[in-house]
Amino acid sequence: MARGWPVVLREGDVVLRPLRRRDARAWLDSRSANSRWLDPWEATSPEPVTGPAPSFGEFVRALAGQARSGSALPFAVEYRGELVGQLTVSTIVRGSLCSGSIGYWISEHVAGRGITPTAVALAVDHCLGPVGLHRVEINIRPENTPSLRVVEKLGLRDEGVRERYLHIQGQWRDHRTFAVTAEEVPEGLMARWRRTRTTPV
């Protein structure tokens with residue numbers, strides 16, 4: 001297995017754990033219920049897609065393969081025992097870069113409770129600790145106000161705009177990049193978040 005995987009991470013009522021095939025019903029129901037909330041930020045491919053979309057089982061198997069190879073960490077996000085989202089650390093690169101990129105989604109009915117910043121802080125600390133990365137980044141569309149609030153709450157460094165960085169909803173879209181390195185949070189990002197948040201999660 002890759003360094004730091006599999007793992008379960010906890011803070012209060014928030015749990016990050018490996019995404020499993022038996023999550024299919026809860027995951028699919030949540031995605032369907034939140035389609036209007038999530039669709040504007042969904043990645044697309046500029047290349048023609050042929051054949052049927054992968055099943056949920058195939059999706060999880062592909063992520064599990066990436067986790068075994070050390071190129072991704074696919075977490076389900078639970079809040080008080082309910083699957084409410086997903087957080088994936090992807091594009092994990094070793095060598096002279098030692099970096100990864102975090103992407104996430106959260107169900108609208110629990111947004112604004114501090115769940116996402118808590119999940120991100122858990123994942124960052126795990127990446128900069130047991131996984132052995134030096135840097136973690138999050139790329140956010142400038143129009144995505146809820147996600148911008150997440151990185152603002154955590155105090156991540158703004159590295160500026162990457163023009164036409166990712167293909168989203170059929171077009172190449174600008175993204176702002178926010179990052180943190182191990183030297184910036186020697187006590188851990190969760191410790192910083194605990195000091196600044198106003199309510200427990």
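Because the model is predicted, local features need pLDDT of at least 70 and side-chain atom pairs count only at pLDDT 80 or more, while totals for chains, interfaces and linings use all residues. Residues are numbered from 1 along each chain as its sequence is written, and side-chain values use heavy atoms, with hydrogens and water left out.

I begin with the open spaces. On a 1 Å grid over the protein atoms alone, a pocket is an open set of points with protein on both sides within 12 Å along at least five of seven lines; a cavity is a set where a 1.4 Å probe fits but cannot get out; lining residues have an atom within 4 Å of a point. Points are joined across faces, edges and corners, and a volume is the space filled by probe spheres set on them.

The largest pocket holds about 1600 Å³. It is lined by 50 residues, and those closest to its centre are Trp41, Glu42, Gly103, Tyr104 and Trp105. Which strand gives the most to this lining? It is β5, residues 99-106, with six residues. Helices (H or I, at least four residues) and strands (E, at least two) are DSSP runs, numbered from the N terminus. The lining comprises 25 nonpolar, 18 polar and seven charged residues. Here Ala, Val, Leu, Ile, Met, Phe, Trp, Tyr, Cys and Pro count as nonpolar, Asp, Glu, Lys and Arg as charged, and the others, Gly among them, as polar.

The second largest pocket has about 160 Å³ of space. Eleven residues line it, with Trp5, Pro18, Leu19, Ala64 and Ala67 closest to its centre. Helix α3 (residues 56-69) supplies the largest share, five residues. By class, this lining has ten nonpolar residues, no polar ones and one charged.

Strand β5 contributes the largest share, three residues. Six of the lining residues are nonpolar, one is polar and none is charged.

Next, helix packing. Axes are lines fitted to C-alpha atoms, for helices over the stretch in contact, and angles run from 0 to 180 degrees between N-to-C directions. The axes of α4 and helix α5 (residues 145-154) lie 9 Å apart at an angle of about 60°. The two helices are therefore oblique to each other, given that angles under 35 degrees count as roughly parallel, over 145 as roughly antiparallel, 65 to 115 as roughly perpendicular and the rest as oblique. In contact terms (heavy atoms within 4.5 Å), Thr116, Pro117, Val120 and Ala121 of α4 meet Val150, Lys153 and Leu154 of α5.

Helix α6 (residues 189-196) also packs on α4, at about 155° and with the axes 8 Å apart. That makes α4 roughly antiparallel to α6. On the α4 side the contact involves Pro117, Thr118, Ala121, Leu122, Val124 and Asp125, and on the α6 side Leu189, Met190 and Trp193. Seven of these residues are nonpolar, one is polar and one is charged.

Finally, the backbone. The peptide bond from tryptophan 5 to proline 6 is cis, with omega near 0°; proline 6 sits in the segment before β1 (9-11). Arginine 80, in the loop between β3 (73-79) and β4 (82-93), has phi near 50°, a positive value in a residue other than glycine.
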